[in-house]
Amino acid sequence: MAYRVVSMKGQGGFARVDIVVNGAGRRFAQKTYDPAPQLLEQVGDEHLKRRFIREVKYQKEITHPNVVPIIEEFLSEDPPRFIMPLAECTLKDEMLVDSTLGDNLHTALFDILAGLEFLHNRGLVHRDLKPANVLRFKDADKYQYAISDFGLMSAVNSESSTLTGTNANGGTENYAAPELIGGFRRATYAADIYAFGAILHDIFGVRTQRIPYTELTVDGELGPIVEKCTKNLPIRRYKSVSELRDDLYNVLNNTEITFTSANEEVIVKKLRANSVLTDKEWDSVFIQIDRNLGERVGIANIIAAISLEHIDSLSKSSPDLYAALGDYFVESIMGNSFNFDYCDVLASKAERFYSDADIGLKAKIALAMLYLGTSHNRWYVERKVLVMMGSSISNELAQRIKMEIEVQDIDFEWRIGHLKRSIGVNENFLHPILRDLIQ
């Protein structure tokens with residue numbers, strides 16, 4: 001398709017971005033290979049162009065609402081270029097107007113984490129995450145944020161060469177992890193975690209120039225999160241986006257908890273204070289869950305206080321209790337409603353349960369994610385279903401999911417129909433046994 005340049009939007013170290021229109025008058029953004037003279041002189045045109053083309057190919061393979069898609073590419077042209085959706089603005093632009101992001105704070109942060117987790121799960125590291133590389137789009141009356149600018153992205157352990165141009169040897173200084181000072185080869189997922197911590201510092205920290213490649217902190221409850229994100233040693237940072245999301249939600253969701261009893265309050269405080277519990281402490285947690293359920297009182301407060309570390313430790317120390325906690329977790333989801341941010345937290349916990357669950361619990365978790373995603377129209381959750389009910393699961397698991405659908409009288413066809421419309425897939429993603437349930 002032909003595109004006509006309307007105006008220039010911006011110039012980066014590697015490329016120029018223009019606003020273009022197609023034959024139907026629709027506006028897009030066009031990114032064209034156009035490296036800065038200093039970078040061109042120090043690194044060389046052939047290497048830079050080859051890198052630009054390779055990274056476009058990486059990005060083209062990624063389909064996720066929180067990662068900017070490539071609509072069309074012209075890599076054989078000189079200079080190479082590609083077309084992507086036109087954003088309203090970057091996160092950097094938005095923060096220049098309101099550094100706290102106002103009502104968009106939660107949406108921006110959790111959208112970034114969703115996109116980042118998708119990349120990491122596919123063995124990709126962005127390596128230059130910063131507010132200027134996060135774009136804001138508007139869909140109807142909702143904002144959506146997506147990660148862009150993959151000029152530095154690479155597969156983990158790839159043969160990437162070190163770039164030595166200005167601001168190119170290891171990403172942008174104010175957001176680059178200490179291990180990137182010498183180049184890209186040491187970049188792991190932890191480098192992106194550091195960059196996210198630096199973004200949190202932009203939003204919640206003191207508005208002064210910071211020293212690049214250093215540990216950061218902010219005042220208040222977010223301090224420990226920013227500190228853990230930006231530890232000098234990568235191994236001391238968050239091990240995954242899921243763990244970071246869990247902690248961030250707990251701090252940002254400052255709604256006062258209404259406890260159902262004094263005993264429940266004691267249990268919740270115990271869970272929040274300790275990532276590893278003794279057998280006796282776990283006994284007290286389960287006793288309280290049973291007491292709540294026996295009195296027809298919800299267990300949402302207890303489930304919210306159970307962290308990914310709790311789930312991991314219980315799977316190793318007591319498989320039986322792990323399975324029981326998984327059942328309680330599923331029960332707390334089905335039929336209930338949650339805010340969008342908490343849906344993502346629940347999905348991360350569900351994924352952790354699913355990884356070590358027996359076939360019965362796997363089936364229940366898969367259906368809980370189908371319910372949660374389609375009831376809340378939450379893309380992040382719905383995409384978990386693509387894996388948990390996908391063609392790669394075993395015949396035995398598919399049969400067990402089918403059994404649960406029939407026993408629980410779930411309107412499976414309606415929910416899959418909703419999922420198809422929501423994230424643009426067809427029923428072919430389903431395991432054949434489950435696909436047969438769709439008329």
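Predicted model: local features only at pLDDT ≥ 70, side-chain atom pairs only at ≥ 80, totals over all residues.
The five-stranded sheet comes up first. Its 5 strands are arranged in the order β1-β2-β3-β5-β4. The sheet is open, and its pairing is antiparallel. Strands β1 (3-11) and β4 (72-74) form the edges. Each of these two edge strands pairs on one side only. Direction ignored, neighbouring strands are turned by 30° against each other on average. Strands of a sheet pair through backbone hydrogen bonds, either parallel or antiparallel. Here, β1 and β2 (residues 15-22) are joined by 7 bridges in the antiparallel sense. Within this pairing, V5 has V20 of β2 as its bridge partner.

A helix lies across this sheet. Helix α2 (residues 45-60) covers β2, β3 (27-33), β4 and β5 (81-85). The helix runs at about 145° to β3.

The other sheet has 3 strands, in the order β6-β8-β9. This sheet is also open, with antiparallel pairing. Its edge strands are β6 (89-90) and β9 (142-147), and each pairs on one side only. Helix α4 (residues 105-121) packs on the sheet and touches β8 and β9. The direction of α4 makes about 40° with that of β9.

The strand pairs of this sheet can be followed residue by residue. Strands β6 and β8 (residues 134-139) run antiparallel and are joined by 2 bridges. C89 stands opposite R136 in β8. On the other pairing, β8 and β9 share 6 bridges, again in the antiparallel sense. Here F137 has Q144 of β9 as its bridge partner. Strands β8 and β9 form a hairpin with 2 residues between the strands. In this hairpin, A140 takes a positive phi near 60°.

How do two packed helices get described? The angle between their axes and the distance between the axes are used. For helix α14 (residues 359-376) and helix α17 (residues 412-423), the axes come within 9 Å. They cross at roughly 55°. The crossing of α14 past α17 is left-handed.

The residues that meet at this crossing come from both helices. From α14 they are L370, Y371, T374 and S375. From α17 they are F412, R415, I416, H418 and L419. By class, the contact has 5 nonpolar, 3 polar and 1 charged residues.

Aromatic rings also pair in this model. The structure holds 11 aromatic pairs. One of them joins W282 and F286, whose ring centres are 6.2 Å apart. Their planes stand at 50°, so the pair is tilted. Both residues belong to helix α9 (residues 279-294). Because W282 and F286 are 4 residues apart in α9, about one helical turn separates them.

Definitions and conventions:
Residues numbered from 1 in each chain as written. Heavy atoms only, no water. Pairing = 2+ DSSP bridges. Contact = heavy atoms within 4.5 Å. Axes fitted to C-alpha atoms, helices over the stretch in contact; angles between N-to-C directions. Left-handed = near helix turned anticlockwise from the far one by under 90°. Nonpolar A, V, L, I, M, F, W, Y, C, P; charged D, E, K, R; others polar. Phe/Tyr/Trp six-rings, centres within 6.5 Å; stacked < 30°, edge-to-face > 60°.
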